Amino acid sequence: PGTTTSLGENKAQVESSPHLEALLKKGFEVLYMTEPIDEYAVQQLKEFEDHKLVCASKEGLELEETEEEKAALTAAKADNAKLCKVIKDVLGDKVEKVEVSSRLVNSPCALVTSEWGWSANFERIMKARGPRATTP
């Protein structure tokens, strides 16, 4: 999936992120980025030495899957379609969509940011700046 990055406040937080479960299980290396400047850098630097930078907490992360894994995911999506609809109905406009994913291994759920939106870590940084900071 390119060079995968995971952004967070500190190493412990990044290491325990549910966004990394499938990546680590499949043996991918992840670049942990814990400095506030990293958020700004990753937003501007889309590639490094011909490697696309991919944030693990954003949509668009695609992992290679075996035919068996694809079939299991398709079945899980079908089995949980009604549940996803109920969760979306309950959460309403607080979430864009609710879907079954192959990103998780042990965690029940994870919030994923849209490809062009702010990450949760970047929102935290902006809120810490005070009322001058604006949301997207």
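Residues count as exposed when their relative accessible area is over 50%, and as buried when it is under 20%. These terms are used throughout the description of this predicted model.

The protein chain contains 6 helices and 4 strands. Along the sequence, these elements follow the order β-α-α-β-α-β-β-α-α-α. The C-alpha atoms fill a box of roughly 45 × 35 × 25 Å along the principal axes. Of the 136 residues in the chain, 29% are buried. Contacts between residues at least 6 apart in sequence were also examined, and 70% of them join residues at least 24 apart.

The accessible surface of the protein chain comes to about 9,700 Å². Carbon and sulfur atoms account for 54% of that surface. The chain carries 18 positive and 24 negative side chains. The centres of these two sets lie 7 Å apart.

The largest nonpolar core comprises 9 residues. Its members are V14, L20, A22, L23, V30, V54, A56, L61 and L63. V14 touches another core member, L20. V14 also touches S6, L7, G8, Y32, M33 and T34, with residues up to four places away in sequence left out of the count.

Helix α3 spans residues 36-44. Its buried residues include D38, E39 and V42. These three lie on the same side of α3, because they cover an arc of only 105° around the axis. The face turned away from this buried side carries I37 and Q44, both exposed.

Two loop residues were examined individually. D50 lies in the loop between β3 (47-48) and β4 (51-55). Most residues other than glycine have a negative phi. D50 is not a glycine, yet its phi is positive, at about 65°. D50 is exposed, with a relative accessible area of 75%.

S57 sits in the loop between β4 and α4 (67-79). The relative accessible area of S57 is 17%. The cut-off for burial is under 20%, so S57 counts as buried. Leaving aside residues up to four places away in sequence, S57 touches H19, R103, L111, V112, T113 and S119. Thus D50 is an exposed loop residue, whereas S57 is a buried one.

Notes. Residues are numbered from 1 along each chain as its sequence is written. This is a predicted model: local features need pLDDT of at least 70, side-chain atom pairs count only at pLDDT 80 or more; totals for chains, interfaces and linings use all residues. Side-chain values use heavy atoms; hydrogens and water are left out. Buried means under 20% relative accessible area, exposed over 50%, partly exposed in between (1.4 Å probe, protein chains only). Contact means heavy atoms within 4.5 Å. Accessible areas come from the Shrake-Rupley method with a 1.4 Å probe; for residues, only the protein chains shown count as cover. Lys and Arg count as positive and Asp and Glu as negative; His and the chain ends are not counted. The place of a charge is taken as NZ of Lys, CZ of Arg, CG of Asp or CD of Glu. A nonpolar core is a set of buried Ala, Val, Leu, Ile, Met, Phe, Trp, Tyr and Cys residues joined through side-chain atoms within 4.5 Å. The arc is that of the directions from the helix axis to the C-beta atoms.
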